[in-house]
Amino acid sequence: MSEIQQLYQQLILEHNRNPKNFKEIEHADCKLEGYNPLCGDQITIFLKLENDVISDIGFQGKGCAISKASASIMTTMLKGKTKAEAAEIFNKFHKMVTDGTIGENVGKLEVLAGVHKFPSRVKCAILAWHTTMKALDEIKAEDGKR
Amino acid sequence: MMNFDVEKIRAQFPMFAGKDKPLIYLDNAATTQKPQSVIDAVTKYYSEYSANVHRGIYAISEKATHEYESARTRIAKFIGADFEKSIVFTRGATEAINLVAYAWARHNLNPGDEILITEMEHHSNIIPWQLAARDTGATLRYIPIDETGTLVESEKYINPKTKLFAITQQSNVFGTTNPVKELTEIAHSFGAKVLVDAAQAMPHLMVDVVDLDCDFLAISGHKMLAPTGVGALFAKQEILEEMEPFLGGGEMIEQVTMETATWSEIPQKFEAGTPNIAQAIGFGAAVDFINQIGIEKIKDYEGEMTRYAIAKLSEISGMQIYGDLFCRGPVISFNVSGVHSHDLAQLLDMENIAIRAGHHCAQPIMRKLDVPATARASFYLYNTKAEVDALCEAIEKAKWFLATD
Ligand SMILES: Cc1ncc(COP(=O)(O)O)c(C=O)c1O
């Protein structure tokens with residue numbers, strides 16, 4: 001496979017065309033906007049938590065195929081996970097898209113490994129994840145306040 | 001096109017030579033490729049007379065000073081300035097604008113005064129004025145643009161409170177060429193000073209500071225075949241002489257005591273420290289290169305290619321071109337429905353075609369167009385219609401790849 005084929009794998013193109021969980025969630029526990037100042041892409045993450053478990057997650061926004069597919073795959077992976085599990089998956093993902101290491105049990109995420117060869121696209125792939133991690137942190141902070 | 005031998009021109013650019021799949025470089029609004037003569041001028045300085053300027057009492061320093069000053073003179077002549085000392089070398093257009101914002105605006109603006117710019121400015125002609133307004137209490141105002149990238153009712157925004165009017169001569173997003181001469185005249189009638197950002201205009205059309213009558217002109221070298229790291233500020237002599245220094249250091253002083261100092265004559269007063277000598281000399285060579293071809297011929301050639309490109313691109317289904325379709329410089333911003341500009345730029349890169357994707361350092365424009373980003377193809381004197389055809393083909397291929405239809 002050429003580098004470009006590794007970047008735009010079939011699964012990525014499919015998620016770009018028909019993103020999963022591309023929806024607003026009413027009464028979300030947290031709604032957070034993420035922004036990539038480099039390219040102007042914008043994403044909104046909606047999160048619902050039940051006892052520390054992500055019970056629903058959705059996203060909306062404008063972005064390239066990589067950012068959209070990454071967000072879409074992310075939502076499918078994080079639904080049903082605890083905050084700690086989500087953070088662990090994020091760490092693996094982060095490592096994979098920055099240095100190409102494919103960790104254990106990355107599952108479908110592997111299709112995004114090709115991104116690490118394109119430094120200018122790493123930010124696209126990571127936008128949804130950063131926003132989600134920040135959203136989880138915000139919920140944590142609010143929990144602390146309560 | 002008569003008298004315009006593009007193949008002969010291309011042959012002078014090493015970046016286009018000897019590749020199986022030649023580079024199709026369509027990001028000239030970001031920076032341009034360099035001809036051999038510019039590269040040679042830089043190399044020659046480093047290998048034959050590398051020395052500091054305005055200092056050494058020895059032959060190679062004299063030679064370096066002579067070449068550096070000669071570049072200044074040629075740049076002055078290129079923009080019709082009758083006094084070469086009104087050219088200050090800077091790092092680029094950005095530094096030229098900041099120089100005015102620090103050395104002029106901060107000493108001449110007061111609360112209640114207005115700085116007027118336009119909605120189509122590059123960030124480098126926005127942020128320095130936001131900062132200057134913040135520091136002086138002046139108000140920053142914008143002349144709006146419409147969806148075609150044209151200024152709307154500019155005259156209405158120029159008034160007796162306007163102390164500085166800063167405007168781009170050509171938009172780096174829409175390619176719009178603004179009527180800067182007419183607007184300068186109106187601004188002057190209210191006593192305002194006028195800064196023209198010529199970063200995008202100067203590579204493509206004749207810029208004459210006497211005709212424009214602007215007070216300041218910001219110039220970018222690397223967008224007109226010169227090395228990176230060099231640009232210039234033109235300012236009217238009397239304004240430069242009255243202006244406070246910008247950076248302090250060596251080269252810009254006359255006498256220094258422990259407490260104080262007096263300043264060098266212009267333009268050295270504004271060139272503290274060792275300048276970008278090689279780059280400035282390269283800038284002189286770039287001006288020579290353009291002069292040998294003739295800026296008017298370049299303009300005509302690019303005009304024809306731009307019209308051709310707009311016609312060809314318009315045939316692509318789902319194509320949206322931003323800006324006025326007829327009256328513009330060689331810069332085309334567009335989007336193809338269903339294809340994000342990042343993906344497009346990435347896929348075009350596979351065909352060795354370089355275009356820009358993003359907000360082009362002009363976020364207020366993106367907001368106006370209500371798009372996160374656009375793709376942008378921008379041409380220069382070495383591009384060809386065959387490259388435009390290749391661009392269009394590659395766009396069709398990218399559409400097919402992402403299967404958006
Ligand atoms: C209209 C405009 N002004 C200013 C600049 C900044 O020029 P420089 O890179 O020389 O600082 C640019 C560069 O993109 C530009 O397009």
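In which strand of chain B is B:Thr118 found? B:Thr118 belongs to strand β3 (residues 114–118) of chain B, strands being DSSP runs of E with at least two residues, numbered from the N terminus.

The model is predicted, so local features need pLDDT of at least 70 and side-chain atom pairs count only at pLDDT 80 or more, while totals for chains, interfaces and linings use all residues. Residues are numbered from 1 along each chain as its sequence is written, chains are lettered from A and ligands numbered from 1 in the order in which they are written, and side-chain values use heavy atoms, without hydrogens and water.

B:Thr118 counts as buried because its relative accessibility is 0%; buried means under 20% relative accessible area (1.4 Å probe, protein chains only). Leaving aside neighbours within four places in sequence, B:Thr118 is in contact with B:Tyr142, B:Ile143, B:Leu151, B:Ala166 and B:Ile167, where contact means heavy atoms within 4.5 Å. The C-alpha atom of B:Thr118 is separated by 9.9 Å from that of B:Pro364, 246 residues apart along the chain. The side chain of B:Thr118 also forms a polar contact of 2.6 Å with the side chain of B:Glu121. A polar contact is a pair of N or O atoms within 3.5 Å; within protein, one must be able to donate a hydrogen and the other to accept it, and residues adjacent in sequence count only if both atoms are side-chain atoms.

| Protein atom | Distance to a ligand oxygen |
|---|---|
| B:Ala93, polar backbone atom | 2.8 Å |
| B:His122, polar side-chain atom | 3.0 Å |
| B:His222, polar side-chain atom | 2.8 Å |

Note on methods. Helices (H or I, at least four residues) and strands (E, at least two) are DSSP runs, numbered from the N terminus. Buried means under 20% relative accessible area, exposed over 50%, partly exposed in between (1.4 Å probe, protein chains only).
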